[in-house]
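Thanks for coming, everyone. I'll walk you through one chain today. Take a moment with the picture first.

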Amino acid sequence: MRATTFLLFIVGLLITLFACRHKPVTQTTHLKKEWADTIFIQPFYPVTDVFAQIASRELHDFYGSPIVILPTIKIYEKAHSATGRYSAPILLNCLSDLPRAKGYKILGLASFDIFTESRGVKEWGIFGLGNCPGNACVVSDFRLKQFKGKTEAFTINVIIHEIGHNFGLPHCDKDEKCLMNDAKGTIATLYKEQKWLCPYCTNKLAVIRAETIREKLTAWLD
Ligand SMILES: [Zn+2]
Ligand SMILES: [Zn+2]
């Protein structure tokens with residue numbers, strides 16, 4: 001008798017657990033997902049899981065956005081130049097086309113040397129590049145590895161800077177500590193910047209995010 005009662009208890013527990021794990025998707029959760037400025041992280045081999053996890057945590061702490069880390073993939077060969085570097089604009093196009101990240105932001109994390117055309121130089125080596133505004137950016141720690149003891153902090157600042165561009169923040173010259181300063185190809189900027197946005201950029205970001213929510217709400221009500 002006690003065994004039967006126990007069996008019934010276990011069956012009841014399993015049914016409860018099963019029911020809890022298969023909650024129907026409500027309209028509310030659907031809306032939240034649509035409004036959220038989710039950021040996908042696409043690590044390119046051989047970027048480590050640890051690096052992706054650190055980037056995820058830092059982005060979430062800074063912007064409060066939901067973060068999704070995608071499985072690591074090989075870097076896109078079509079971005080490979082004859083000099084062995086990778087074209088950041090081509091990487092951005094490839095990332096933008098990823099079906100899973102459509103409508104969201106996506107950060108490519110690389111450890112290869114990346115470049116863009118700048119200052120009359122076809123392959124100008126960079127730390128990162130992001131569309132402004134846009135849905136894709138790419139960051140590499142290749143050129144930041146020379147700053148022993150600072151590599152991780154600098155890379156995180158570049159990541160937050162490029163995602164800032166994706167949100168629509170342009171370069172800032174209001175405060176040299178602001179993360180949205182233009183590096184202008186110098187390392188001095190990296191040392192001056194803090195993991196911080198000046199009041200001007202903070203307000204601008206708040207306006208942009210409020211406007212994004214308003215647009216999505218308007219589109220949903222139409
Ligand atoms: Zn920039
Ligand atoms: Zn600023």
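Let's start with a term. A residue counts as buried if 20 or more other C-beta atoms lie within 10 Å of its own. Keep that cut-off in mind. This is a predicted model, by the way.

So, is Gly128 buried or exposed? Gly128 has 28 other C-beta atoms within 10 Å, so it is buried. Where is Gly128 found? Gly128 is in strand 7. Which residues does Gly128 touch, leaving out those up to four places away in sequence? They are Cys137, Val138, Val139, Ser140, Val158, His161 and Glu162. There is also Ala88, 40 residues away along the chain. The C-alpha atoms of Gly128 and Ala88 are separated by 7.7 Å.

Now step back to the whole chain. The chain has 222 residues, and 27% of them are buried. It holds seven helices and eight strands. Look at contacts between residues at least 6 apart in sequence: 63% of those join residues at least 24 apart.

A word on confidence. The mean pLDDT is 86. Of the residues in the chain, 83% reach 70 or more. Residues 10-33 are another matter. Over that stretch pLDDT stays under 50. The model gives residues 10-33 one contact beyond four places in sequence.

Find Leu129, and you will see Val138 of strand 8 standing opposite.

How does strand 3 pair with strand 5, parallel or antiparallel? The sense is parallel, over two bridges. Ser87 stands opposite Phe115 in strand 5. Strand 5 and strand 6, residues 121-126, run antiparallel, joined by four bridges. There, Ile114 has Ile126 of strand 6 as its bridge partner. These two strands form a hairpin with two residues between them. In that hairpin, Arg119 takes a positive phi near 50°.

Next, the core. The largest nonpolar core has 42 residues. Which residues have the most contacts inside it? Leu107, Val138 and Ile159 do. Several elements each supply at least two residues of this core, among them strand 1, helix 3, helix 4 and strand 4. Helix 5 gives the most, with seven residues.

Take Ile159 as one example. Setting aside neighbours within four places in sequence, Ile159 is in contact with Ala55, Glu58, Leu59, Leu107 and Val139.

Helix 5 covers residues 151-167. At 1.5 Å a residue, its 17 residues should span 24 Å. The end C-alpha atoms are 24 Å apart, which agrees. Is helix 5 enclosed or in the open? Of its 17 residues, 13 are buried, so helix 5 is largely enclosed by the rest of the structure. Just after helix 5 comes Gly168, with a positive phi of about 115°.

Now helix 7, residues 199-221. It has 23 residues. From first C-alpha to last, helix 7 reaches 33 Å, close to the 33 Å expected. How many of its residues are buried? The number is one, so helix 7 lies largely in the open.

That's the tour. Back to the picture for discussion.

Notes. Residues numbered from 1 in each chain as written. Chains lettered and ligands numbered in written order. Predicted model: local features only at pLDDT ≥ 70, side-chain atom pairs only at ≥ 80, totals over all residues. Pairing = 2+ DSSP bridges. Expected span 1.5 Å × (residues − 1). Buried ≥ 20, exposed ≤ 12 C-beta atoms within 10 Å, placed from the backbone. Contact = placed C-beta atoms within 7 Å. Core = buried A, V, L, I, M, F, W, Y, C linked by C-beta atoms within 7 Å. pLDDT = per-residue confidence, 0-100.
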